[in-house]
Amino acid sequence: MLERLRHLLAIEPLSAEQISFLLDQAKPFQQIQRHPLKKLATLRGKSVVLAFFEASTRTRISFGTAAARLGADTMALQAESSSLKKGESLMDTAQTLEAMKPDCIVIRHAASGAAQFVSERVGVPVINAGDGLHEHPTQALLDALTIRDRRGSLDGLAITILGDILHSRVARSNIHLLSKFGAAITLCGPAMWLPAELERLAPGVRRSFRVEEALEGAEVVMALRVQQERLNEPALPPDEYVRLYQLTEARLSGARPGALVLHPGPMIRGFEIEPAVADGAQSCVLEQVTNGLAVRMALLFLLIGGAGGPEDLAHAGD
Amino acid sequence: MLVIRKGRVIDPASKTDAAMDVLIDGERIAALGAEARAADAEIVDATGWIVAPGFIDLHCHLREPGDEASETIETGTRAAACGGFAAVCPMPNTRPVNDNASMTRAIVERAAAAGRVRVWPIGAVSAGSGGEGLAEIAGMKEAGIVAVSDDGHPVATAKLLRQAMEYCRPLGLPVIDHCEEPSLFAGAVMREGLPSTRLGLAGMPAAAESIAVSRDVQIAGLTGGRLHIAHLSSRASLELVREAKKRGWAVTCEVTPHHFTLTDEEVGYDSRYKVNPPLASPEDRDALVDGLADGSVDAIATDHAPHERAKKDVEFDRAAFGMTGFETALGLALERLYHPGRISLIRLVELFTTGPAGVLGIGRRIAPGEAADLTLFSLHHQWTFRSKHSASRSRNTPFDGRSFRGGPVMTIVGGRIVYRR
């Protein structure tokens with residue numbers, strides 16, 4: 001089933017079974033994060049290219065750490081120094097990267113479809129670390145792992161996603177993933193970032209333009225980062241966003257008691273989220289980061305195919 | 001002398017649909033009839049074939065001068081001949097832009113030397129298609145242009161369009177506009193809708209086109225000039241054209257084979273589907289077919305837009321707009337319009353001949369004394385289009401590998417057979 005998954009380009013084409021399998025595979029790697037010695041030799045001798053054509057700190061470090069903890073070497077390509085700036089086409093860059101004979105390419109790129117583009121032109125597994133406005137599949141997997149751990153299951157979840165949904169690849173991946181498990185998904189944000197088409201993206205999606213209504217009955221609330229540049233085309237005063245959509249303690253109290261708060265980061269305290277909520281007991285933000293490592297280790301392990309089964313890995317850190 | 005024997009002659013101008021011979025003497029048609037033959041003539045047996053006036057393509061890009069890596073007048077007109085076109089109208093967005101008489105003359109001369117079919121250039125509306133002052137339109141008219149357009153972009157302002165239409169009226173030239181409201185288009189790479197939302201690609205709403213069409217038809221009403229809407233792609237735009245026609249304004253429009261065939265649901269991240277205007281929703285695509293059937297659409301035009309590989313084999317966002325179109329146009333028209341019974345054979349021929357000719361203000365018919373431009377096609381032979389065998393220099397078409405029922409079998413320009421299947 002999943003052994004045949006050659007790349008991870010998007011959540012949309014995956015089945016619920018494949019997703020559950022992936023999350024199960026992440027379990028032993030979650031345990032490894034708690035060991036004093038976290039480094040395995042599973043992918044020793046393997047190399048992973050981290051091709052980040054778009055500025056990223058968290059995701060790049062997460063993938064880099066995941067690879068390192070599996071014993072793999074990484075080769076990093078960063079936006080600032082990339083030859084793309086010098087006019088080289090993605091096609092040429094992809095071929096150059098492939099010529100370095102890596103065992104996997106992790107790519108982040110500002111163009112939607114870039115990961116698929118590269119996957120069609122190289123002979124190694126490709127992991128999409130975020131492509132334009134399209135998808136950010138590992139983020140959705142780590143979110144799902146976090147929710148599943150806290151709640152016991154993903155089935156029939158009531159989730160509210162707040163923010164600029166139209167321009168969010170995190171939202172798209174999460175919508176596709178959670179919908180496959182029968183979630184009731186409420187999207188909430190300024191109306192121009194919430195086109196009607198979103199309701200047809202996956203089953204169980206509805207829109208709401210009032211945050212109080214959107215949060216009613218939510219078991220999970222996901223606040224998205226609002227990119228400042230989006231506020232300027234056309235101009236939406238930041239205070240307007242804060243007034244209508246900021247996730248505050250008062251608003252969160254309208255959700256189900258103990259509702260989980262997720263944020264994909266980077267977070268701007270005081271803008272899309274009130275500091276008290278970001279740091280509160282319901283916040284899962286740091287767990288998300290740790291789970292990101294586990295999910296990415298599991299994926300690298302599966303796609304590159306290291307020595308030994310995942311069961312062995314659970315003990316490897318002992 | 002050349003005799004086209006026993007073909008089924010379809011001539012929309014005279015409403016002829018009859019089996020007869022066509023006798024060609026030199027560059028002109030000499031006679032028509034049951035036994036229009038001459039003793040020493042070369043004979044083409046057209047039994048089972050349709051004999052139509054030479055097809056005209058109102059909208060194409062031959063890329064010469066400036067982008068010969070993608071196409072030249074020679075390769076482009078060779079592809080046009082394979083598609084059954086006897087005359088093609090290249091848009092002026094070459095490098096440099098065709099905005100003056102000497103450029104037009106250079107294109108005409110190059111076409112006379114290397115062109116396989118007739119080349120009727122379209123000149124720019126504004127100097128350099130820059131949207132400011134008018135181009136040397138009268139000079140270009142003398143040199144051979146048949147229309148003006150700033151294609152690739154809309155005529156920049158309502159005022160410029162008004163001036164161009166007033167100026168072109170006594171010159172007898174139509175103004176062809178690529179309709180697009182720039183602020184709504186901004187950054188779009190496909191049509192806005194569920195597919196663009198799903199793919200995370202910037203979409204252009206259908207209204208970006210129809211808002212511009214609305215401006216344009218009102219300027220047509222204001223000036224009484226001839227306006228032709230290029231590559232119309234939405235129901236809303238079509239309704240505006242219908243309304244303008246009802247008012248008696250001189251407004252015409254064309255639809256491309258890809259817009260009446262494909263939709264935004266097929267785009268994916270395959271840059272061969274990236275065209276401007278973008279492929280529409282299924283509802284709009286069906287409305288275009290209705291317009292082709294009911295007479296609201298005047299012509300089928302290919303918008304043949306060749307691009308060398310390097311311009312297409314990039315991220316979808318960065319890929320050039322356009323697909324090639326000459327060789328698949330008739331096959332698609334048969335598949336989408338004729339075979340399903342949406343249009344009659346005579347209407348099909350009209351859309352490729354008298355329709356586009358009418359936009360240019362000329363006639364197109366099969367009659368003694370007329371130029372011997374003929375397109376012979378079959379309704380039934382099975383064939384598969386292979387872009388690697390295309391006569392065009394470029395390969396950017398999603399129709400590679402598509403099988404067709406019927407298509408061009410012979411193209412005759414000025415009495416000369418320029419394509420034979």
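How many residues does the contact take from chain B and from chain A?

## Where the chains meet

The contact takes 19 residues from chain A and 14 from chain B, two residues being in contact if their C-beta atoms, placed from the backbone, lie within 7 Å. On the side of chain B that touches chain A, six residues are nonpolar, three polar and five charged. Here Ala, Val, Leu, Ile, Met, Phe, Trp, Tyr, Cys and Pro count as nonpolar, Asp, Glu, Lys and Arg as charged, and the others, Gly among them, as polar.

## Reading the model

This is a predicted model, in which local features need pLDDT of at least 70 and side-chain atom pairs count only at pLDDT 80 or more, while totals for chains, interfaces and linings use all residues. Residues are numbered from 1 along each chain as its sequence is written, with chains lettered from A and ligands numbered from 1 in the order in which they are written.

The predictor's confidence in each residue, pLDDT, runs from 0 to 100. Chain A has a mean pLDDT of 90, and 91% of its residues reach 70 or more. Over residues 307-318 of chain A, though, the pLDDT is below 50. Where pLDDT is low, the predicted coordinates should not be read in detail.

## Chain A as a whole

Twelve helices and nine strands make up the secondary structure of chain A; helices (H or I, at least four residues) and strands (E, at least two) are DSSP runs, numbered from the N terminus. The C-alpha atoms of chain A fill a box of roughly 50 × 50 × 35 Å, taken along the principal axes.
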